[in-house]
Amino acid sequence: MIAGINFPALSIIVFLPIIFGVVLCLIPERYKNLTLPIAIIGSVLTLLLALLLWSDFDATSGALQMVERFSWIQLLNIEYYLAIDGISLPLILLTTITTIIIIVTADRTIEDFKLYLALFLLLEGILIGVFAAQDSILFYLFWELSLIPLLLLIGIWGGERRKYAAIKFFLYTFFGSVLMLIALIYLGSNSGSFAIEDLTIKGISPFYQQLLFMFFLIAFAIKVPMWPVHTWLPDAHVQAPTGGSVILAAVMLKLGGYGMLRFNLPIFNSVSADFAMFVIVLSLIAIVYISFVALSQKDMKSLIAYSSIAHMGFVTLGIFVIFQFKPFDADTAALAINGAVFQMVSHGLISAALFLGVGYLYKLTGTKMIADFGGVAQKAPVFAAFFVFFAFANVALPGTSGFVGEFLVIIASFRANFLIALISALTMVLGASYTLFMIKRVIFGPVTTDAVSRVKDICFIDKCIYGFIAVLVLLLGLRPVILIEMFQPVVEKIIKLAI
Amino acid sequence: MDLSFIILLAPLLAAILVALFGNRFGRRFSHLVTSTSVLIALILSCILFSRVFVAQQSSYYVEMFRWLDIGALDAMRIRISIGVFVGPLSTLMMIVVCFVSFCVHVFSIGYMSEDESYNRFFCYIAFFTFSMLVLVAANNFLQLFIGWEAVGLSSYLLIGFWFTKQSATVASLKAFLVNRVSDIGLVLGVAVVFYCFHTFEFAEVFAQISAGETAKQVNIFGYTVSAFDAIAILLFIGAMGKSAQFPLHVWLPDSMEGPTPISALIHAATMVTAGVFMVARLAPIYELADIARSFILVVGTITAISMGFVAILQYDIKRIVAYSTISQLGYMVIGLGVSAYSASIFHLVTHAFFKALMFLVAGAVILALHHKQDVKGMGGLYKKMPISFICSVVAALALVGFPGTSGFFSKELIIEAVHNSGGDYAQLFYVLALFGVLLTSIYSFRFVFLVFLGKTRLSDKDYDHVHEPAKSVTIPLVLLAIPALLSGVVLFDSLILNNALNIGAYVDKSNSLLLATSEIDGWGDMLLSAVKHPAALILILLGAGIAWFITKSTEFKQYKPFSIQGVLSNGYYLDELYKIFVVRPVHIAASIAHKVFDVTVIDKILVNGIAVLVDKSSRLLKKSQTGYVYHYLLAMLVFVVVFGWLSIRNGVVL
């Protein structure tokens, strides 16, 4: 802590949105036009607090900062332990930004608008909690809690097959979390403390080390999601309301990669190396095979969902490829992991924007099938310009943030193997294919369908939101050093522990 | 702020201003802002050029901002920055880019005057100019790649400029994807560079090479190969897409769907030469890659010859020029293949002028004929459009390399360099390069004859209405015609004989270009040599004769699909082959991946299967809930025994 903050900032930033969420629920029906202002105030305050954290954050240090640590359940040695470092802070910022975007652009006409906004505020607090928790049981608590708001969002405001999607989402991720809980308890009792930094595998037999590693890996792999445990994501996205898709793609998928960096790498150093090739292969399958699947999608949302899986492949590839380096090089490893973390933040922004765009079209036309569109650029030129811009960010065009992570990971993976670099580089063609096919059919061409004739251009507020995301995407693409400076000390620490 | 920053930022600022306010302030605002910005960039480029090229001051690099900065040790830090490299080659390129861009801006004021999206057009071309300047100003691989992709984006947007037209959106997508295929090579090349040199900076790579790091090896697919060959070939694959080399050239003819001014600017003069520029910029690497240079020579020769044939049989006025461009790019690549880097750059520069001129002439004709592009319906236009006619003759003469014109010097040098390259098959490549001159001559003169000479094939009424377009269209033609004629004479001595580009500093004495020019003292000597060794001149005249002969008949036959003419006029059916062997399999694979694997195997069988299994087994378990105490006791007993036994076996003390 440098100066200024001498109050429990992290607790406040976790519970402020939760309190606002609860307050929203309690607003009586006759004051219902206060709903949106209160939600906006809540989310803006949270963002301001996050910015305050940032301003007080010492980016040159890899240590945990803003520490709040109290004994919680003494009997089991479980603590209430919040702190942040250079990886959790950017993800917290991403969470707060995403929540504001969702609340401001939310469709006011939907039923139970109050509850809808409240759930997002609750989710925001919970997700910040996941990123700030440094006690593994506290981490698990937030992790599990985060399922509930999204489950409700899909289940209540989802599409036709919302029940199927919600249950599938829940069972898949719950299955993973149970394994993680077992592993956490085992590790915690082995280490005598549940603080993440204290967890150790010393004294555990190699077989159980591997088993525990797998438990964590499965839990995180489902969240990322990695092939072949990804099939919940397209269903969840297609059925979820726009805001649900946005928070899911922008933040919730990042929990997987974040977990791997927090648990798998630092705790299971040599075991990670054993499984590295396995994870790399799965990542490459995600990058290539899932891109193929994306190519054959007819629904825009499911196309972007598959695109997310393919892009998240770079996160897992970047994290695990360092174990295959021949010979090992710390700088290249830093490049790979920085690339992976950068990809998480960047993908958060880009996929959020794309889902917003599809949501906007869906609101106006009632359809999100690619075949129902064509010529949107004529009816809504400003919207089209933004959508094309974000599509190119998704294609990883240099100068946008989407480029940085993929580029760094591809460059670094040559140190492992030419083939890995080659296969991952295929994304340059495949990603461009499915994204631009969609752009060609939806945005360009003549106006032929009824649906498109109902499209009109975005309003001023939407322009501001899209413009804001676009500026962030460009800024991070042109000056990735802003984020990477923050990651670097933590990444170095993780690499030291992992190798 | 360094002067050079303004060169880059002026067009960018103009593009942003037009994007934001173009529709509010109108057309005059759009074209004034963008043209002025490019003019400013041109003037400043000339100032820098006179410093580093003419006055031979030393090159320097100014950093704009840091892109990446990581690393444990300060000495080994990985630093990447964005900035401007001011050297002879980059400033020369800046002048070419800004000059052609300025001409195209002015030309477009007239050419696009009836288009609804006038402002958008000027925004795009200003952005393109900016991107191209970023590319040529690069001092590291990252900035090169940023510029590389940014010009690709501009090209995509401009080919698909008329986005309501299905064919335009298809062509733009194709251009982007084909370029992306080759970009894989570029990125992997950069990866190998980083692996070997631990840096992205050109200067640092060159420094390590001159310090003797010339024996590096890398492992590719289990084979240990020379790192330089690997880097050179991978990067060249990147160049093959952008510079439209066989077989990755297929996007360029289709790119003619875009407005003609951008065909002149992007798909003839500047962007497509980016690959050639890159190889010349990285000459020290390519000098250490013999295998790669042989590969480059072969690719260049195939491209130059095969596309020359195709150009002869085209009837779309723009496609003739497009295939001609690919063929000439082949010549530049041939020059690279025999280490004649300066000659390739020379040809790049002269080609930029005469090919932009040729395209703009085509544009003027298209405009005069109300967007008709079929040369079968032209002819005899010289009376109605004298300026365009004269300009087309200038362009054609320069294109074929008629002695004295700019193209003569540059192309002759490349051919002579091949002659002196001393490889195993040098003479074969020399003959092929000469043969290419014949092809060039045929299609160039055919173009002039079909469009401007002979009896007109327009109806009388249409013919009467044809007239030279507005001044803003003809002035750029004249502006370009001057360097198309004279740039060879002006640049020859400094560029080639005095080696002002300083590329030769890395090149040894047996260099093909040095040998080719060993007995030449000045451009006059070069002209004389054309008379002394008249092979090329004879071929040019022969080509003109053949062109006259084949354009004499005004009956245009439909080619049979599998006759020689049919195959050639369809570009060897490469598009169809790609469709059958690449595009369709990809789509089939995609739908199989989705339907069979994701939906059926994973979801139906595994995920839902487990759900069904859980359901079934819970029904089964329900039956065990019999309600009899002794059943439960038995179950407990069995459990305790089994669990206890397992625990003891594993050494667990309960």
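**Starting with chain A**

Select chain A and display its contacts, where two residues are in contact if their C-beta atoms, placed from the backbone, lie within 7 Å: among the contacts in chain A between residues at least 6 apart in sequence, 81% join residues at least 24 apart. This is a predicted model, in which local features need pLDDT of at least 70 and side-chain atom pairs count only at pLDDT 80 or more, whereas totals for chains, interfaces and linings use all residues. Residues are numbered from 1 along each chain as its sequence is written, and chains are lettered from A and ligands numbered from 1 in the order in which they are written.

Colour chain A by secondary structure and you will find 22 helices and two strands, where helices (H or I, at least four residues) and strands (E, at least two) are DSSP runs numbered from the N terminus. The radius of gyration of chain A, taken over C-alpha atoms, is 22 Å, close to the 23 Å that the globule rule gives for 499 residues, so chain A is as compact as a globular protein of that length; the rule itself is 2.2 Å times the number of residues to the power 0.38. Along its principal axes the C-alpha trace of chain A spans about 65 × 60 × 45 Å. Buried residues make up 62% of the 499 residues in this chain, a residue being buried if 20 or more other C-beta atoms lie within 10 Å of its own, exposed if 12 or fewer, and partly exposed in between, with C-beta atoms placed from the backbone.

Next, select M66(A), which is found in strand β1 (residues 65–73) of chain A. M66(A) has a positive phi of about 55° although it is not a glycine, and with 20 C-beta neighbours inside 10 Å it counts as buried. Most residues other than glycine have a negative phi, and most peptide bonds are trans.

Move on to I185(A), in helix α7 (residues 162–191) of chain A, which is partly exposed, with 15 other C-beta atoms within 10 Å. If you draw a distance from I185(A) to S272(A), the two are 20 Å apart in space, C-alpha to C-alpha, and 87 residues apart in sequence.

**A helix pair in chain A**

Now show α14(A) and α22(A), whose axes come within 9 Å and cross at roughly 125°; axes are lines fitted to C-alpha atoms, for helices over the stretch in contact, and angles run from 0 to 180 degrees between N-to-C directions. That makes α14(A) oblique to α22(A), given that angles under 35 degrees count as roughly parallel, over 145 as roughly antiparallel, 65 to 115 as roughly perpendicular and the rest as oblique. By class, the contact has 13 nonpolar, two polar and one charged residues, where Ala, Val, Leu, Ile, Met, Phe, Trp, Tyr, Cys and Pro count as nonpolar, Asp, Glu, Lys and Arg as charged, and the others, Gly among them, as polar.

**Where the chains touch**

Bring chain B into view and select the contact between the chains, which takes 44 residues from chain A and 46 residues from chain B. Several helices of chain A each supply at least two residues of the side that touches chain B, including α14 (330–365) and α22 (481–498), while the largest share of that side, six residues, comes from α19(A).

**On to chain B**

Chain B has 25 helices and four strands, and of its 654 residues 55% count as buried. Its C-alpha trace spans about 115 × 65 × 55 Å along the principal axes.

For a last stop, select Y573(B), in the loop between α23 (564–569) and α24 (574–624) of chain B, where phi is near 55°, a positive value in a residue other than glycine.
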